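Work through the exercises below with the structure in view. Try each task before reading its solution.

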Amino acid sequence: MPVCGLCALLLLLGTWQVLVGGALVRRDEELGAAVRRAAPPEMPAELLSDLGNLEVALPLLAAAMALSLLRSGGRRWWPVVCYGTAVALMVPLVLGLKAWTDRVGPSGGGGFYPSGHAATTAAALGGALLLLSGGLSPAVRRAARVLVAALVVGNGLGLVWRGYHWPLDVLAGWCLSVLLLCVACAAAHRLGSGARLPCTGRNRPHGSSAPTRA
């Protein structure tokens with residue numbers, strides 16, 4: 001999918017710039033300072049940044065997993081495994097990138113790239129949406145997508161507003177989560193003939209071994 005390729009390119013570019021201290025890093029820090037100056041009151045910004053806390057995001061994903069299994073009578077267990085594994089893999093990948101790049105944060109210290117909170121929010125909410133979207137009406141599905149996008153963007157803004165991360169840290173966290181969800185979505189497509197595809201909500205035609213295009 002084009003979005004996966006774009007996210008991979010952006011993640012590679014951002015990581016390279018952080019490692020070499022390139023011009024993009026300097027522009028990113030200038031943008032981060034400008035965003036912080038335009039921050040709203042502390043409480044709403046802090047609440048948005050807290051969406052990436054594990055105790056907030058993971059229960060939402062767990063609830064979506066349970067609801068998906070309940071709706072299918074336990075038959076759609078493979079997509080649950082795929083998206084759960086994607087979120088689980090996110091933790092070592094984020095920690096590895098943090099240790100490798102060791103970027104200094106807005107308030108000092110190292111290990112701020114990529115943002116684990118931004119990656120957690122996007123991966124958990126995105127995975128929950130993909131698990132449940134197949135059983136939603138088109139109108140509700142569109143509304144759910146808008147809501148998830150707003151929460152993910154709001155969380156990223158909150159992290160920058162509160163001085164927890166630079167914008168590039170947040171963008172890298174989003175890109176990493178999208179790549180993991182793309183892999184999970186591709187793996188979830190490898191279901192039996194006629195199974196409902198979690199990424200598109202469509203049914204695969206009987207007798208066809210090729211995945212349905214989104």
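Buried means under 20% relative accessible area, and exposed means over 50%. The model is predicted.

**Exercise 1. Sort residues of H4 into buried and exposed, and find what covers the buried ones.**

Step 1. List the buried residues of H4: Ala-57, Leu-61, Ala-64, Met-65, Ser-68 and Ser-72.
Step 2. Look down the axis of H4. Its buried residues fall within an arc of 100°, so they line one face of the helix.
Step 3. Turn to the face away from this buried side. Here H4 carries the exposed residues Glu-55 and Leu-70.
Step 4. Find the cover. Helix H5 (77–101) and helix H6 (116–132) are among what covers the buried residues of H4.

**Exercise 2. Describe how H6 packs with helix H7 (residues 138–161).**

Step 1. Two packed helices are described by the angle between their axes and the distance between the axes.
Step 2. For H6 and H7, the angle is about 175° and the axes are 9 Å apart.
Step 3. Angles over 145 degrees count as roughly antiparallel. H6 and H7 are therefore roughly antiparallel to each other.
Step 4. Name the partners. Residues of H6 including His-117, Leu-125 and Leu-129 meet a set in H7 including Arg-145, Val-148 and Leu-159.
Step 5. Sort the contact of H6 with H7 by class: nine nonpolar, four polar and one charged residues.

Definitions and conventions
Residues are numbered from 1 along each chain as its sequence is written. This is a predicted model: local features need pLDDT of at least 70, side-chain atom pairs count only at pLDDT 80 or more; totals for chains, interfaces and linings use all residues. Side-chain values use heavy atoms; hydrogens and water are left out. Buried means under 20% relative accessible area, exposed over 50%, partly exposed in between (1.4 Å probe, protein chains only). Helices (H or I, at least four residues) and strands (E, at least two) are DSSP runs, numbered from the N terminus. The arc is that of the directions from the helix axis to the C-beta atoms. Contact means heavy atoms within 4.5 Å. Axes are lines fitted to C-alpha atoms, for helices over the stretch in contact, and angles run from 0 to 180 degrees between N-to-C directions. Angles under 35 degrees count as roughly parallel, over 145 as roughly antiparallel, 65 to 115 as roughly perpendicular and the rest as oblique. Ala, Val, Leu, Ile, Met, Phe, Trp, Tyr, Cys and Pro count as nonpolar, Asp, Glu, Lys and Arg as charged, and the others, Gly among them, as polar.
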